[in-house]
Amino acid sequence: MHKSTKLLYGLVTLIMIVASLFFGITIKKTWKNDLLITPKDVFNYRISYNEMLNHELKTPAEIRTFNSLYSNADVIVRINISKNAVHNKTYQSCYVEGRVKEIYKGKVTESTIKLIESVCIYQKKMYGGDGALLFNNGEDYIVFLRKYPGDMYGKYDNTYVLTTGSISKYHVTNDTVDGKCFLMTQKHSENALLKYKNLKNYDSFTLDPNVVEFYDSNKKNINDILKKV
Amino acid sequence: MKFEIKKLLNRNELCIAFLVLLIAVCGNFIYTLQLYKGFKYSDIHSPSNLYVLNNITHSPTELFFSLLLPLISCYIGSSIAIEEHNNEITPCIYTRISRKKQLIKQGLAVAIISCVVFFTALLVNLLLVNLFIPKGGNNYYCLPEETILSSSNYCIFEDILKYHPILYMALTMLYRGIVAGVFAWFGYGLSHMFKFFKKTHVIVAPFIIMTAFEILSVIIERLTNSTNAWTRIGLYSSTYTFKEVIPTLTLLGFFIITGAIGIYIGTKREDIY
């Protein structure tokens, strides 16, 4: 092959690579990062109940006693969500980082963990998976967690998921559990009549009155655990 | 083998084929990106859905790595033996090395170079998409939630696709490179199989055979209404299910064996000296 031909081929290769890089940088500048949110950003979004399908986790209906709630969790911890925490939106849910304050069951080696909030945000609407709501910034919670096995792009090494959407998260004020589970009607859910700000003081929501009753009955058991610690 | 690879690297055909593939992958990248101009991150698909072999936007450049793959891989070097014969270099080579060894080495070199050319071009695309496209946007497998806990048997190596997508992309690219190598080997074998074969025949024959095979499988599928994997064998999928693996490997095996038979015939031919 002639030297000038080689040069020509090299030049065309270089032009193609440079053109691609230039185009990539130009288009990337036009993109908006909407994957980072705070609860305030979504206060006016309407919310519906979303039943999780095809998953291996227990539903609130399957967990009927505190013992079974306890045994289904790999880890039970008290976590604090910082005031300035940013919630990361993904394809069908969100996650947020929390600081581990106390461990009641299992082992957590890291001081901060990622918590999956099974809330899907799509086109200014929110879908709480099995009644899950976002964690509020600057608050403490007792959470019943399972280790998340996924590690796509190395992002979720240190990540946990609530064992259920509605009965695995309990708000704590001054070492006392005072969380609340909101009872939503079928009509409210189907027509997305409520805004997220209506539920911001609740830990979760449900369409089943028994779940609210169960949630409230668990608070006493959790307070007992807190007292022992 | 080194000498044969050097000979192939100096061929104009190799550079032209590489440039065509490079233009295809860069064109695919540019075509895909311009579709997402001004979008939000949450609306942009993941790199594993937008790289050239699995591009959900159906970029036309994908054809260079599927339909036109046999044509390009054979163009790179499968006709080298015919060219050497026409230039009367062959007798000179055979005075130094046994014909059998020479044909096998040349065939392997042709296959390896075709594989490397395709893989390198695809690697450029892999780097570009992973460099620029956000990983956490509209990405089904980037969902940190419960549904990922269950396995759907969507394809073989599903766990690699979920948890190590870049490795998965690299594997599918390597596989496509191997398919290109198999076609190059097959084309090289055909160049020895028939006396009347010229350069054009070698380049076009595997393409025609593969296209005819695909048309035939579509006809059989339509006539029998069958969903059997044996009637839908394709070499260009990036998400094979378990039942499609054996038929696909059988087809690849057929091309490898036919190429080897062609080379064997080449060692017995008297007209080459």
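Which residue of strand S10 of chain A does A:Leu145 stand opposite? In this predicted model, the residue facing A:Leu145 is A:Leu162 in S10(A).

Strand S10 of chain A covers residues 159–162. Strand S9, residues 140–147 of chain A, is joined to S10(A) by 3 bridges, and the two run antiparallel. Strand S6, residues 112–117 of chain A, is also joined to S10(A) by 3 bridges, but here the strands run parallel. Within this second pairing, A:Lys114 has A:Thr159 as its bridge partner in S10(A). Both faces of S10(A) are covered. On one side A:Thr159 and A:Val161 are buried, and on the other A:Tyr160 and A:Leu162 are buried as well.

Chain A also holds an open sheet of 3 strands, in the order S2-S8-S7 and with mixed pairing. Strand S2 (46–50) and strand S7 (119–122) stand at the edges; each has a single partner strand, so one side of each is left without a neighbour in the sheet. From one strand to the next, the twist averages 25 degrees. S2(A) and strand S8, residues 125–129 of chain A, run parallel and are joined by 5 bridges. Among the residues involved, A:Arg46 has A:Lys125 in S8(A) as its bridge partner.

The discussion now turns to charged side chains. Over all chains, a search of the whole structure finds 12 salt bridges. One of them joins the side chains of A:Lys101 and A:Asp140, at 2.6 Å from N to O. This pair links distant parts of the chain, with A:Lys101 in strand S5 (residues 94–105) and A:Asp140 in strand S9 of chain A, 39 residues apart. A:Lys101 counts as partly exposed because its relative accessibility is 39%, a value between the limits of 20% and 50%. A:Asp140, by contrast, is buried, with a relative accessible area of 8%. Both residues belong to a network of salt bridges that also links A:Arg78 and A:Asp175.

In chain B, the side chains of B:Lys7 and B:Glu4 form a salt bridge of 3.2 Å, N to O. Both residues lie in helix H1 (residues 2–9) of chain B, 3 residues apart, about one turn of the helix. B:Glu4 is buried, its relative accessible area being 3%. A further salt bridge, 3.6 Å from N to O, brings together the side chains of B:Lys199 and B:Glu83. This pair links distant parts of the chain: B:Lys199 lies in helix H10 (residues 199–224) and B:Glu83 in helix H5 (residues 80–86) of chain B, 116 residues apart. B:Lys199 counts as partly exposed at 27% relative accessibility.

Annotated segments complete the picture. An unreviewed UniProt entry places a "transmembrane region" at residues 7–27 of chain A. In the model, this span is 100% helix and 0% strand, with its end C-alpha atoms 30 Å apart. For chain B, an unreviewed UniProt entry gives the feature at several spans, including residues 103–133 and 202–220. Residues 103–133 of chain B are 97% helix and 0% strand, and the end C-alpha atoms are 45 Å apart. Residues 202–220 of chain B are 100% helix and 0% strand, with end C-alpha atoms 28 Å apart.

Finally, B:Met1, B:Ile104, B:Leu108, B:Ile112 and B:Val116 form a nonpolar surface patch, together presenting about 370 Å² of accessible area. Of these residues, B:Leu108 lies in helix H7 (residues 99–132) of chain B and counts as partly exposed at 36% relative accessibility.

Key. Residues are numbered from 1 along each chain as its sequence is written. Chains are lettered from A and ligands numbered from 1 in the order in which they are written. This is a predicted model: local features need pLDDT of at least 70, side-chain atom pairs count only at pLDDT 80 or more; totals for chains, interfaces and linings use all residues. Side-chain values use heavy atoms; hydrogens and water are left out. Two strands pair if DSSP finds at least two bridges between them. Helices (H or I, at least four residues) and strands (E, at least two) are DSSP runs, numbered from the N terminus. Axes are lines fitted to C-alpha atoms, for helices over the stretch in contact, and angles run from 0 to 180 degrees between N-to-C directions. Buried means under 20% relative accessible area, exposed over 50%, partly exposed in between (1.4 Å probe, protein chains only). UniProt positions are given in the numbering used here, feature names are shortened, and annotations may be inferred rather than shown by experiment. Patches are made of residues with over 30% relative accessible area and no salt bridge: like charges are joined within 9 Å, nonpolar side chains (Val, Leu, Ile, Met, Phe, Trp, Tyr) within 5 Å. Accessible areas come from the Shrake-Rupley method with a 1.4 Å probe; for residues, only the protein chains shown count as cover. A salt bridge is a side-chain nitrogen of Lys or Arg within 4 Å of a carboxyl oxygen of Asp or Glu.
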